[in-house]
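Please keep the sequence and the model open while reading them.

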Amino acid sequence: MVNLGLARITALLKHTPQSWKAIHVAGTNGKGSICAYLTAMVRANQISCGRFTSPHLIDPRDCITINDSVVSESKFRHFEDLVKKRNQEQSLGASEFELLTATAFEIFESEKVEVGIIEVGLGGTLDATNALKHKHVTIISKIGLDHQSFLGSAIEEIALQKAGVMRKGVPCVVDGSNPKSVLDVLRKHAADTGSDIHITDSESNVLVQILRGDLEPHQCQNLTCAYEAFQLAYPQHASSTDVLVTAARNMVWPGRLQWLNIGSITDRKENVLLDGAHNPQSAEALSGFVEKHLRTPNKPVTWVLAATQGKDISEMLKLLLRDGDSVAAVEFGPVDQMPWVKPTDAATILNTATKSGITFSSQFNASADVRSALDWASQAASEGPLVIAGSLYLVSDIFKLLRST
């Protein structure tokens, strides 16, 4: 289970110097994309870097990259074994995420990276990644309602948990599109902590001005956060606009507004849209993209949807679905190293959508059979738009299916 706190991770890393400087990224939505943009900018300037993001999409080691390449299995196993042995010898009872975090930090140390780009797992204050010793810049992305059972039921409470990544004397970049009540909480915590806060404005961002035509609104916000943090961390490279524009334009972040060919699984020739949207905020961003690029009066959308048990999916479904759409509901498979994560019943997804007043053209309960969901959706969509969404764990199942075919 999720067991927040810093005692165990601190003990695991007691003798690990963490000689690299860290950029620490918290928030509800956009954290991973900001990490990906930052990695692209850092690598474009030949700066060695490690990146740690979660959850993994295929294997746990996918979370850890060195210079934008996934760490080798042999290196991952070596340091994972070292960390697990330490956990056992000290009887710490560390969680899987704490073990994975410590493994990443050990690998970064071994590789002698200059900078580590680290995504918070859950919250901020008590997240395992908050055991970082040398923060250079912190970032807080868009904050929304998610994981309320751990972080609080009000968005201001959640913001305060995220603000826990701030450090005295370390600048903190904050997504300026956050609500005023959230920004007020973050400003106060920055003042109390002694952190210099930088509220972003994507309208005046140089990179966004150049790339705006290629980006969705939330991507503009994420890129702005990444660029501002990069300027603070590496002012000597901040003026290399051409290099950074190219890096940002070529950035790929799997499972987020990703076009994918599933022809090896189904007979469908047209690409599908894959997105891990799993809360109302990310569903709103996905909906905006679908409305702008896919949906037309004569072309309803076909969906393959899953969700994590315990999430309030009604708001998400209202944002995504329209009358006349077709929906296959499916349950993702067991999540490696997170056995407590369970899927919402496919029937519950369909019932919730119906109760929201949405009238489907057709619907299908695929239960736990992802392949049959894709087959049915491909037939229902014909040559029309097909979108797979609702959970990064479903994204993971799709990638695993593609790898096995």
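1. In what order do the 6 strands of the open sheet lie? The order is β9-β10-β14-β11-β12-β13, with mixed pairing, where two strands pair if DSSP finds at least two bridges between them, and where strands (E, at least two residues) and helices (H or I, at least four) are DSSP runs numbered from the N terminus. The edge strands, β9 (258-260) and β13 (362-365), each pair on one side only.

2. Please bear in mind that this is a predicted model, in which local features need pLDDT of at least 70 and side-chain atom pairs count only at pLDDT 80 or more, while totals for chains, interfaces and linings use all residues. Residues are numbered from 1 along each chain as its sequence is written, and side-chain values use heavy atoms, with hydrogens and water left out.

3. Strands β11 (residues 302-305) and β12 (residues 326-329) run parallel and are joined by 4 bridges; threonine 302, for instance, has serine 326 in β12 as its bridge partner. Helix α14 (residues 370-381) lies across β11, β12, β13 and β14 (386-389), and runs at about 170 degrees to β11, the angle being taken from 0 to 180 degrees between N-to-C directions of axes fitted to C-alpha atoms, for helices over the stretch in contact.

Note on methods
Contact means heavy atoms within 4.5 Å.
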